[in-house]
Amino acid sequence: MEITVRSEAVKLFNETWDLIDLKERTREENAAMLHKAHTSRYLWGLIGEPKNFARGEWQVSRVYALLNMAEAALLHGEISLKIAIENNLEGLDLAFGYEAVARAKAILGDISGARENKAKGLEEAAKLEKEGDRKYTEGELNGINCG
């Protein structure tokens, strides 16, 4: 079976999601989740387009947030948001860029920054045409504790 860069990027992205979705993870699973997210993002950087870069950075940010590594989560969240804005990405990509920044700022204790980005994310989520996407995105944003 031939492994392509694209297929490996997709596989690692999905495997990272599987680890994100676990209620509890071992230290080894946390490390694997981080490695898979970074590797997927790297591979997308070789063959992808801006939406893949924004989504990959979002996923890396989310992993760091789950690991309570707020500064790294903020770094990658801001990169995701910047890619979305600079490339006129809308919908999920822009909403989740704001979500990543809001989540990281909340962990850092920057409540006003978290609230501001959460509000912007909810504005973008409200524009989503697919009800399932809209509800999921709003749920993720509303799950951020902003005090």
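In which helix is Ile 47 found? Ile 47 is in helix H2. The model described here is predicted.

## A nonpolar surface patch

Ile 47 has a relative accessibility of 37%, so it counts as partly exposed. Together with Val 5, Tyr 42 and Leu 46, Ile 47 forms a nonpolar patch on the surface. The accessible area of these residues together is about 380 Å². Helix H2 supplies the largest share of the patch, three residues.

## Helix H4

Helix H4 runs over residues 70-86 and has 17 residues. At 1.5 Å a residue, the helix should span 24 Å, and its end C-alpha atoms are 24 Å apart, which agrees.

The buried residues of H4 include Ala 73, Leu 74, Gly 77, Leu 81 and Ala 84. His 76 and Ser 80 are also among them. The buried residues of this helix pack against helices H2 (27-47), H3 (50-66), H5 (92-108) and H6 (111-126). Just after H4, Asn 88 takes a positive phi of about 55°.

## Aromatic pairs

The whole structure contains three aromatic pairs. One of them is formed by Trp 58 and Phe 96, with an edge-to-face arrangement: the ring centres are 5.4 Å apart and the planes are at 70°. This pair links distant parts of the chain, since Trp 58 is in helix H3 and Phe 96 is in helix H5, 38 residues apart. Trp 58 and Phe 96 are both buried. Ring pairs join Trp 17, Trp 58, Phe 96 and Tyr 136 into a cluster.

## Salt bridges

Side chains of opposite charge can pair when their charged atoms come close. A search of the whole structure finds 14 salt bridges.

One of them joins Arg 62 and Glu 99, at 3.3 Å from N to O. Arg 62 lies in helix H3 and Glu 99 in helix H5, so this pair ties together parts that are 37 residues apart in sequence. Both Arg 62 and Glu 99 are buried.

Other salt bridges lie within a single helix. Glu 8 and Lys 11 meet at 3.5 Å, N to O. Both are in helix H1 (residues 5-20), three residues apart, which is about one turn of the helix. Lys 11 counts as partly exposed because its relative accessibility is 39%. Glu 8 and Lys 11 also belong to a network of salt bridges with Glu 15 and Lys 36.

In helix H7 (residues 131-142), Glu 131 and Lys 135 are four residues apart, about one turn of the helix. The closest N and O atoms of their salt bridge are 2.9 Å apart. Glu 131 is partly exposed, at 44% relative accessible area, whereas Lys 135 is exposed, at 54%.

How values were computed: Residues numbered from 1 in each chain as written. Predicted model: local features only at pLDDT ≥ 70, side-chain atom pairs only at ≥ 80, totals over all residues. Heavy atoms only, no water. Helix = DSSP H or I, 4+ residues; strand = E, 2+ residues; numbered from the N terminus. Expected span 1.5 Å × (residues − 1). Buried < 20%, exposed > 50% of the residue type's maximum accessible area, 1.4 Å probe, protein only. Contact = heavy atoms within 4.5 Å. Phe/Tyr/Trp six-rings, centres within 6.5 Å; stacked < 30°, edge-to-face > 60°. Patch = residues over 30% accessible without salt bridge, like charges linked within 9 Å, V, L, I, M, F, W, Y side chains within 5 Å. Areas by Shrake-Rupley, 256 points an atom, 1.4 Å probe, with all protein chains shown as cover. Salt bridge = Lys/Arg side-chain N within 4 Å of Asp/Glu carboxyl O.
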